[in-house]
Amino acid sequence: MSASRIAIRRIAALSGPRAQASLLGARPFTSLGETLTSKERAEEARYIRLREKAAMEARKEAAKGDKDLEDAMHDAAGIIAATHDKLSHEALLNLAKWKLGRIS
């Protein structure tokens, strides 16, 4: 066996089957393709996480807004009940929105 064949076998044994294929010239751009694919997957995962986080924050904000609206409606209903007046649910909702500044 020649010295170059021995060196190639030793390097291939140390570095695994992927390096062996690229050392022998079978697929020289495999590592570049794998690198680009893994980077693309990482970017897609990052983008998805950011979108999910933004959606979750929007849901939390909407839930907080709903809670504020319910509290305002409860306060308005208490005031209306104290004066023995009656309002429809829609009127109470509009009054609560006005109190929170959501209706101009």
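A residue counts as partly exposed when its relative accessible area lies between the buried limit of under 20% and the exposed limit of over 50%, and K99, at 48% relative accessibility, is therefore partly exposed. The model discussed here is a predicted one, and a search of the whole structure finds three salt bridges, of which K99 takes part in one, with D75 as its partner.

In that pair the closest N and O atoms are 3.4 Å apart. D75 lies in helix α3 and K99 in helix α4 (residues 89-100), so the contact ties together parts that are 24 residues apart in sequence. D75 is likewise partly exposed, with a relative accessible area of 38%.

R46 is partly exposed at 44% relative accessibility, and E43 is partly exposed at 48%.

D71 and K67 also both lie in helix α3, where they are four residues apart, about one turn of the helix. D71 has a relative accessibility of 35% and counts as partly exposed, as does K67 with 48%.

| Salt bridge | Closest N and O atoms |
|---|---|
| R46 and E43 | 3.6 Å apart |
| D71 and K67 | 3.4 Å apart |
| D75 and K99 | 3.4 Å apart |

How values were computed: Residues numbered from 1 in each chain as written. Predicted model: local features only at pLDDT ≥ 70, side-chain atom pairs only at ≥ 80, totals over all residues. Heavy atoms only, no water. Salt bridge = Lys/Arg side-chain N within 4 Å of Asp/Glu carboxyl O. Buried < 20%, exposed > 50% of the residue type's maximum accessible area, 1.4 Å probe, protein only. Helix = DSSP H or I, 4+ residues; strand = E, 2+ residues; numbered from the N terminus.
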